[in-house]
Amino acid sequence: MTFSMADMRLLTPHLVITAAALLVLLAEAVSPGRRKGYLPYLGIAGIVVAAFTTPGLFGPARSGFSGMLAGDAFAAFVYFILYAVGALTLLVSDAYLRDEGRDHAEYYALVLLALVGMMLMAGATHLMSVFLALETMSIAIYALAGFFRDERSAEASFKYFILGAFSSGFLLYGIALLYGACGTTEIQGILDAFASNRALAGSPMALAGVGLVTVGFAFKVAAVPFHMWTPDAYQGAPTSVTAFMATGVKAAAFAAVLRVFFVAFQTLHVDWSGVLWVLALLTMTLGNLTAIAQTDVKRMLAYSSIAHAGYILVGVVAGTPEAGAGILYYLLAYAFMNIGAFACLVMVGRKGHENTELDAFAGLGFKFPALGLAMSLFMFSMAGIPPTAGFIGKFLIFKAAVHQGYYWLTIFGVLNSAASVYYYLRVIVTMYFKPEPDTPVVEALRAGPSMAVATILAGLGVLYFGIVPGGLVDLAEQALRYLV
């Protein structure tokens, strides 16, 4: 493989964030023992600089590194989602890690390096580069999940690592079978092979390859029945890492899913849409029904993230540019409302004790009005209640599914969304209608300026994109034109 300076320009945002990760490590190495509060802001500065280098990718699609990486509007749109996820995660992590005595440079560097892996997944145009990007992201996330080194954190990391390794095996074996059937692992090349040779669509080797690649991605997005790792990994990981996993990993994985299924497997839509139809229904239903039974808010959010993966899969089943634009919009909305909810969860905890039981929220709506207002907003958005970004996201996906004739899947999606209202509203009811116990569980909020800024930005994102969605929807539709 050869590459030129034009290819390197496609990597500029990735190199900037990698440099920021190394700078964070170097800063702590040359100033040991001193105050470390500036470390997350070095990372955020790197993300901001990377964001300034990204708008050049909007416009005609370019390919580099012998077809391994694309620089197009689709990748650029996902980069901005990931920038928001990365910056909000670093803001939430600052006060949280200092309170826990874990504010080490390695944490911030791992977040930034995971972000680089996620960005590479969004821009990868070759199944091998998808796999390498996936591993870059996953290895950093495994380490972050076990960052607190206590029993729960280590269990979460180990469980995520073991099942993540299995999913990587499935994905790699599927890629190998596709290479055997199509003679290439380039995404456009696979599309050309299926389009030029109709008999390939009936090839057991090709279909097995598509199936195993589907299993590999289903693990990463936590789709049923490959979701088993999610509740334990999410609950045991540090809360800021859980927010990062639930939003960043999901955004990167679905970006890769869109590029693979909407481009490489485009001619096989009839074959894979039926399988994903069932996966979407099971994922929505199991995620919501199990979330209803939870009394731990962090675990409830873990199951709700499974349900949200099901809603997004409805858009993948539809398989149109309209549905793809809805998915991109949904991923950004989900990033804001989910990180905001986890920020509120961090605030009610104290050192060594997270206070994630639902009863810990009793009476907090009046005791801490700003927290109650923010948590209520994020819960309303996750439930899909207007005028929030969560409502618009679900509307766009379900509308695209109806336009393609998936009426029953849409009906099941709406019913699932209605069922989810119960457990989201239960948090709000507990905050405002359940009296605080005689011995308060939460005496003071674990909040700092960075946590407040993250929560306010997330709340503004949920409201702004819920009230004025037009510009973002147009941008998402333009991004999809370069993908399909």
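Buried residues make up 63% of the 484 residues in this protein, where buried means under 20% relative accessible area, exposed over 50% and partly exposed in between, with a 1.4 Å probe and protein chains only. Keep in mind that this is a predicted model: local features need pLDDT of at least 70, side-chain atom pairs count only at pLDDT 80 or more, and totals for chains, interfaces and linings use all residues. Residues are numbered from 1 along each chain as its sequence is written, and side-chain values use heavy atoms, with hydrogens and water left out.

**The big picture**

- You'll find 20 helices and 2 strands here; these are DSSP runs numbered from the N terminus, with helices being H or I of at least four residues and strands E of at least two.
- The radius of gyration is 21 Å, close to the 23 Å that the globule rule gives for 484 residues, so the protein is as compact as a globular protein of that length. That radius is taken over C-alpha atoms, and the rule is 2.2 Å times the number of residues to the power 0.38.
- Along the principal axes, the C-alpha atoms fill a box of roughly 70 × 55 × 40 Å.
- Take the contacts (heavy atoms within 4.5 Å) with a separation of 6 or more: 81% of them are between residues 24 or more positions apart.

**Aromatic rings**

- A search of the whole structure turns up 20 aromatic pairs. Rings of Phe, Tyr and Trp (its six-membered ring) pair if their centres lie within 6.5 Å; planes under 30 degrees apart count as stacked, over 60 as edge-to-face and the rest as tilted.
- One of the pairs is F366 with Y432, which is edge-to-face at 5.4 Å centre to centre, with 90 degrees between the planes.
- This pair links distant parts of the chain, since F366 sits in helix α15 (residues 364-367) and Y432 in helix α18 (residues 407-433), 66 residues apart.
- F366 is exposed, with a relative accessible area of 61%, while Y432 is partly exposed at 25%.
- Y423 and Y424 have ring centres 4.6 Å apart and planes at 50 degrees, so their pair is tilted. Both Y423 and Y424 are buried.

- A389 belongs to helix α17 (residues 389-403) and counts as buried at 2% relative accessibility. Its C-alpha atom is separated by 5.2 Å from that of F465, 76 residues apart along the chain.
- Leaving aside neighbours within four places in sequence, A389 has contacts that include Y329, A333 and F465.
- I187 belongs to helix α8 (residues 187-196) and counts as buried at 3% relative accessibility.

- V224 and P225 are joined by a cis peptide bond, with omega about 5 degrees. P225 is in the loop between α9 (204-221) and α10 (229-236).
- The peptide bond from P386 to P387 is cis too, with omega near 5 degrees; P387 lies in the loop between α16 (369-383) and α17.
- A222 is not a glycine, yet its phi is positive at about 65 degrees. You'll spot A222 in the loop between α9 and α10, and it counts as buried at 0% relative accessibility.
- N355 also has a positive phi, near 55 degrees, without being a glycine. N355 is in the loop between α14 (321-347) and α15, and counts as buried at 7% relative accessibility.
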